[in-house]
Amino acid sequence: EGLEPVRRRPGMYIGGVGSTGLHHLVWEILDNSIDEAMNGHASNIWVTLHKDGSSITIEDDGRGIPIDKHGPSKKSALDNYKTAGGLHGVGASVVNALSKELIATVRRDGAEWEQRFKQGKPQGPPKKVGPARGTGTKVFFHPDPGIFPKIELDPAVIRERLEVASYLHKGLKISFEDESEKTKETFEHSEGLLAYLKKIVAERGAKPVH
């Protein structure tokens, strides 16, 4: 229960507080969205690296994290971001614990809900923002400079990961916006790994054997 152990020993959960550990936060949230796509519930993922270079938003058009109460704690799954091992697995709650701020927004059942956290602590219960169409989950977070010596995220590292994910999951459309560079890219490969193979062959100028 609780996230204090994560803040005390981050290395046990994300492998360290260097660049790899920092980017691991992004992968945890991204993987939740990719899971939704793998299970046939999402077809789009939007990733925005904000102007400060260290905060990021990851959004999908999946089912949306359930807001209704669940489990023995009778708390919403959104609330469970603060107990390691909530509905979305350990990932999101660990990211939450190691973030100066995290805002989770959910669209489902005709409404939009929002919950804000600071260093893993909820700043009140989930709030109904208003009516909304469709479903999805959006997570904004800002890594905690008190935990990570350097909180700048590397757009090239993120871009590569997103491109690879788009090859692995055919039909999934991933959009990446870098606000400081003012660039927008979309990764989508209907042929999946076959498209990756064609790309490698073309890049190497290799002649296919058959």
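Is Glu 114 buried or exposed? I looked this up to open the notebook. Glu 114 is buried, at a relative accessible area of 17%. The cut-off for buried is under 20%, so Glu 114 falls on the buried side. I keep in mind that this is a predicted model.

**Entry 1: the partner of Glu 114**

I looked for what the side chain of Glu 114 meets. It forms a salt bridge with Arg 116, at 2.9 Å from N to O. Arg 116 is partly exposed, with a relative accessible area of 37%. I noted one general point here. Side chains of opposite charge can pair when their charged atoms come close.

How many salt bridges does the structure hold? I found ten.

One of them joins Arg 7 and Asp 144, with the closest N and O atoms 3.1 Å apart. I then checked where the two residues sit. Arg 7 is in helix 1 (residues 4-8), and Asp 144 is in the loop between strand 9 (136-143) and helix 5 (155-168). The pair therefore ties together parts that lie 137 residues apart in sequence. Both Arg 7 and Asp 144 are buried.

I turned to Glu 36 and Arg 63 next. Their side chains meet in a salt bridge, 2.6 Å from N to O. Glu 36 belongs to helix 3 (residues 19-38). Arg 63 is in the loop between strand 2 (56-60) and strand 3 (69-70). The two are 27 residues apart, and the pair links distant parts of the chain. Glu 36 is buried, at 8% relative accessible area. Arg 63 is partly exposed, at 42%.

I also found a network of salt bridges. It links Arg 159, Glu 163, Glu 185, Lys 199 and Glu 203.

**Entry 2: the nonpolar core**

Which residues touch the most other members of the largest nonpolar core? They are Val 47 and Phe 141, in a core of 38 residues. Helix 3 gives the most, with eight residues.

**Entry 3: a nonpolar patch on the surface**

I moved to the surface. Val 164, Leu 168, Leu 193 and Tyr 196 form a nonpolar patch there, with about 360 Å² of accessible area together. Helix 5 and helix 6 (193-204) are the elements that give two or more residues to the patch. I checked Leu 193, which has its place in helix 6. Leu 193 counts as exposed, at 52% relative accessibility.

**Entry 4: the aromatic pair**

How many aromatic pairs does a search of the whole structure find? I found one. The rings of Tyr 167 and Tyr 196 have their centres 4.9 Å apart. Their planes are at 55 degrees, so the pair is tilted. Tyr 167 lies in helix 5 and Tyr 196 in helix 6, so the pair ties together parts 29 residues apart in sequence. I compared their cover last. Tyr 167 counts as buried, at 6% relative accessibility. Tyr 196 is partly exposed, at 34%.

Note on methods. Residues numbered from 1 in each chain as written. Predicted model: local features only at pLDDT ≥ 70, side-chain atom pairs only at ≥ 80, totals over all residues. Heavy atoms only, no water. Salt bridge = Lys/Arg side-chain N within 4 Å of Asp/Glu carboxyl O. Helix = DSSP H or I, 4+ residues; strand = E, 2+ residues; numbered from the N terminus. Buried < 20%, exposed > 50% of the residue type's maximum accessible area, 1.4 Å probe, protein only. Patch = residues over 30% accessible without salt bridge, like charges linked within 9 Å, V, L, I, M, F, W, Y side chains within 5 Å. Areas by Shrake-Rupley, 256 points an atom, 1.4 Å probe, with all protein chains shown as cover. Core = buried A, V, L, I, M, F, W, Y, C linked by side-chain atoms within 4.5 Å. Phe/Tyr/Trp six-rings, centres within 6.5 Å; stacked < 30°, edge-to-face > 60°.
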